[in-house]
Amino acid sequence: MHVVIRRCAGHLLVLSSALWAGSAMAFVQDLTAVFRPDPARPDQNRFINTTPSSGYCSTHVETCQAYQMFSIRLPITARSSGPMEANPSDVRRGAYWKVPAAWRPLTVINAFGEQETVEIRISGLGSRYALDRSAVELVGGGVSWGTGHRMLWGSAWASAPQPCTNSGVVSYVAEKYAFLWKTPVEAACVKLQKYAIPGMGYDYMDIAYELRTPNPLQMSTGVYSGVLNYSLGPYQDFDLGDVMLPSDSVLTLNFSLDVEHMLKVDFAPGANRIELLPEGGWQAWLHQGRPPARLYRDVAYRIAASSRFKMQLECSLVIGNTCGLRNADGDEVPLQVAVTLPNGLTDEFGAAITQRPLRLDGSGSTLFQPAYYVNNRPASLHFEVEKTHVAEMLENSGSTYSGIVTVIWDSEV
């Protein structure tokens, strides 16, 4: 018996886009994630975000961990186009924030044309507003920095306006205030200035995001690519109102999801040489003349699998849809080959794999799939010459029948 395992080479999944091709006002940000089966946690069948943390969550680590947030700092700034009057009647002339908090789908494609859908939502938005003078000067002096900022907006900036919600810690100095608000829904969050502000800017943009990724166990190993763009500016995806104008008009997010599957089978030493025997040995035949019902051998092995795979059969001697054995005189008998797989591995219909025949045409073994990462679990190959053909072999007692069987586990499904 020969054993062959075929695996696809590891690849990188890329998601990217550009809203206006060739625009000089676009900013591109790469995001990365990986699926790699973990033997210590076989139930963790999901992508892990591997994008380096930056921005708010890199300085407020404990707060972000408590809220399960992840942030990226983008060098996208904004400046007020003119003075901001006190108590504006139009909310779009205040500190206005609306971000794409709703889930957006993105189709990704690998090199073989297989398509999957990824979804993304912006779950938080933050920055550091910078006044052209201290908040204390704007409200008339005689108060602390914190009180000055609170009086300027009529409430603490840390108290996110609905429907945004607080994220926790903020930081400020005389003329600047850093923050991040969570965005549970896609709607405008507004704070209106109670005092006139001659000039204000946002020093950067922090975004927190969430991903919904396909089940990696159902994905092929390899690179999936796609593109997603967000527009920035008044009435765009990232809308900062009519006064605060961003430095870029497009945000392009390039996602890279690396799918690294495991497919491994391990046999005990010497398992490649198989001797077929009757149940209980040859004693009943030798002493009682009772022919055996079959000749067989079960070969145990262990399998680790996190991806779909198929099993194939190759034979040195082909008889019908299976392999065969031949003696020195040229007499031939068919050999039946089957496989049993552990719990967690099923066929395309969800049926368990118990003594599933392996055929040369692949029928019944073209797709096996994991419900979860199956790690180093016991499985078996079954080899058998059926009773009718055993009788033919016994007519040539004393001869040796042999053949070569190659069993292939192939992840290129």
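A salt bridge is taken here as a side-chain nitrogen of Lys or Arg within 4 Å of a carboxyl oxygen of Asp or Glu. The model is predicted, so that local features need pLDDT of at least 70 and side-chain atom pairs count only at pLDDT 80 or more, while totals for chains, interfaces and linings use all residues. Residues are numbered from 1 along each chain as its sequence is written, and side-chain values use heavy atoms, with hydrogens and water left out.

**View A. The salt bridge of R104 and D237**. The side chains of R104 and D237 come to 2.9 Å, N to O, and the count of salt bridges in the structure is 16. Because R104 belongs to strand β8 (residues 104-110) and D237 to the loop between β16 (228-231) and β17 (244-246), the pair ties together parts that are 133 residues apart in sequence; strands (E, at least two residues) and helices (H or I, at least four) are DSSP runs, numbered from the N terminus. R104 is partly exposed at 22% relative accessibility, whereas D237 is buried at 19%, where buried means under 20% relative accessible area, exposed over 50% and partly exposed in between (1.4 Å probe, protein chains only).

**View B. D203 with R128 and K176**. R128 forms a salt bridge with D203, with 2.8 Å between the closest N and O atoms, and this pair joins strand β9 to the loop between β13 (200-202) and β14 (205-212), 75 residues apart. The side chain of D203 also meets that of K176 in a salt bridge (3.4 Å, N to O), K176 being in strand β11 (residues 176-182), 27 residues apart from D203. D203 is partly exposed at 23% relative accessibility, as is K176 with a relative accessible area of 26%.

**View C. The disulfide of C164 and C189**. The sulfur atoms of C164 and C189 are 2.0 Å apart, a disulfide being a pair of cysteine sulfur atoms within 2.5 Å. The link is right-handed, with 90 degrees about the S-S bond, and it connects the loop between α4 (145-153) and β10 (171-172), which holds C164, to strand β12 (residues 189-191), which holds C189. C164 is buried at 6% relative accessibility, and C189 is buried at 1%.

**View D. The disulfide of C315 and C323**. Here the sulfur atoms lie 1.9 Å apart, and the link is left-handed, with -70 degrees about the S-S bond. C315 is buried with a relative accessible area of 19%, and C323 is buried with 1%.
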